[in-house]
Amino acid sequence: MKHDILEEIVAHKKIELQHQKKAVPLHIMLGLASENMDRPTYSMRESLEKSDSSIIAEFKRKSPSKGWLHPKAVVSDIIPAYQANGASACSILTDEHFFGGSLGDLKKARQLTTLPLLRKDFVLESYQLFQAKAMGADAVLLIAAILNPEDCEMLANTAHTLGLEVLLEIHREEELKCLNPYVDMLGINNRNLGSFDTQVNHSLDLLPAVQAYLQKEKVYTPLLITESGIRDPKDVIRLRQEGFRGFLIGETFMKTENPGETLRSFIQTCTSHAD
Ligand SMILES: O=C(O)c1ccccc1NCC(=O)[C@H](O)[C@H](O)COP(=O)(O)O
């Protein structure tokens, strides 16, 4: 088994954050970004709920599991094409070292789309939530595997005070303890970050435990999202039938020459086979 890449990512992120907070202290960041701090956000949850396809199309240049997917990808080509071709929301990977992204990508995407934007990064501190809001995000990802339940609730609560929705990602049943009243969407990651093994059926395997937990803790009603390794429109149809209402897809689109066009034919196949 490979070492857990998350440990390496988190160690790197802590150092990166120290530099960022020194270079741009919070009060300076807020002063520079007043336009986005004041803007009303778009609801990712509502956009997914009302769509028949509910695709969250990801902007991802490279990944630890696959290396470079689309090294020269530019936001101004891909994000408008995602919107034109039926995405319900976009996920922007803002981590630079491991994913080749940046906060600049998020800022640029905000200028080019009215789709809800998810800041996809490894959030450890509320400073990163302010960054997300300042750069134009509508939602943030919180990863249960790198947070304890108390920090997770504090971050989710802070995100809400900024008007940001929260997608909580889990991979294992034990991580359900990170659910809290501020979680809008619950994502099951099909990728094991130790082995990189990615099985779409993982979402279905974990579903009974998730449903039982939600049934027990009646106050939580997150929208269910499935994340990673989705390559076949038939998987979207099958997972939708089981109750998933969001499909986070990166590699399937980003490894192609024209991610927007690939999204278009993916959605067309989903909708033509849905009945
Ligand atoms: O994608 C990776 O290799 C990866 C490794 C370590 C932490 C996170 C990772 N991916 C982030 C994601 O959540 C995915 O980009 C997202 O779910 C889309 O997955 P895919 O459709 O398989 O690109």
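Predicted model: local features only at pLDDT ≥ 70, side-chain atom pairs only at ≥ 80, totals over all residues.
**Loops, salt bridges, cysteines and pockets**

Let me begin with Ser228, which sits in the loop between strand 9 (223–227) and helix 10 (233–241), where helices (H or I, at least four residues) and strands (E, at least two) are DSSP runs numbered from the N terminus. Residues are numbered from 1 along each chain as its sequence is written, and side-chain values use heavy atoms, with hydrogens and water left out.

Back to Ser228, whose phi is near 80 degrees, a positive value in a residue other than glycine. Most residues other than glycine have a negative phi. Ser228 counts as buried at 12% relative accessibility, where buried means under 20% relative accessible area, exposed means over 50%, and partly exposed lies in between, with a 1.4 Å probe and protein chains only. Ser54 also has a positive phi, near 55 degrees, and belongs to the loop between helix 4 and strand 1; at 0% relative accessibility, Ser54 is counted as buried.

Now to the charged pairs. Side chains of opposite charge can pair when their charged atoms come close. The whole structure contains 16 salt bridges, each defined as a side-chain nitrogen of Lys or Arg within 4 Å of a carboxyl oxygen of Asp or Glu. One of them joins Lys21 to Glu125, with the closest N and O atoms 2.6 Å apart. Since Lys21 lies in helix 1 (residues 5–23) and Glu125 in the loop between strand 5 (117–120) and helix 7, this pair ties together parts that are 104 residues apart in sequence. Both partners are partly exposed, Lys21 at 31% relative accessibility and Glu125 at 27%.

A second pair, Glu58 with Lys120, forms a salt bridge at 4.0 Å, N to O. This one also links distant parts of the chain, with Glu58 in strand 1 (residues 55–59) and Lys120 in strand 5, 62 residues apart. Within a helix, by contrast, we have Arg45 and Glu49, whose closest N and O atoms are 3.6 Å apart; both residues lie in helix 4 (residues 44–50), four residues apart, about one turn of the helix. Finally, Lys13, Glu16, Asp95, Arg119 and Asp121 are joined in a network of salt bridges.

What about the cysteines, and how many disulfides does the structure hold? The structure holds zero, a disulfide being a pair of cysteine sulfur atoms within 2.5 Å. For Cys90, the closest cysteine sulfur is that of Cys270, and at 16 Å the two are too far apart for a bond. Cys152 is in no disulfide either, the nearest cysteine sulfur, in Cys178, being 4.3 Å away. Cys90 is buried, with a relative accessible area of 0%, and Cys152 is likewise buried at 0%.

Leaving aside neighbours within four places in sequence, Leu115 is in contact (heavy atoms within 4.5 Å) with several residues, including Tyr42, Cys90, Arg110 and Asp138. The C-alpha atoms of Leu115 and Asp138, 23 residues apart along the chain, are 9.1 Å from each other.

I will end with the pockets. On a 1 Å grid over the protein atoms alone, a pocket is an open set of points where a 1.4 Å probe fits, with protein on both sides within 12 Å along at least five of seven lines, and lining residues have an atom within 4 Å of a point. Volumes are the space filled by probe spheres set on the points, which are joined across faces, edges and corners. The largest pocket has about 330 Å³ of space, and of its 15 lining residues the closest to the centre are Ala33, Asn36, Lys107, Ala134 and Met135. Helix 2 (26–32), helix 3 (34–38), helix 6 (103–112) and helix 7 (126–134) each supply at least two residues of that lining, and the largest share, four residues, comes from helix 6. By class, the lining of the largest pocket has eight nonpolar, four polar and three charged residues, where Ala, Val, Leu, Ile, Met, Phe, Trp, Tyr, Cys and Pro count as nonpolar, Asp, Glu, Lys and Arg as charged, and the others, Gly among them, as polar. The second largest pocket holds about 210 Å³, and its lining divides into six nonpolar, four polar and five charged residues.
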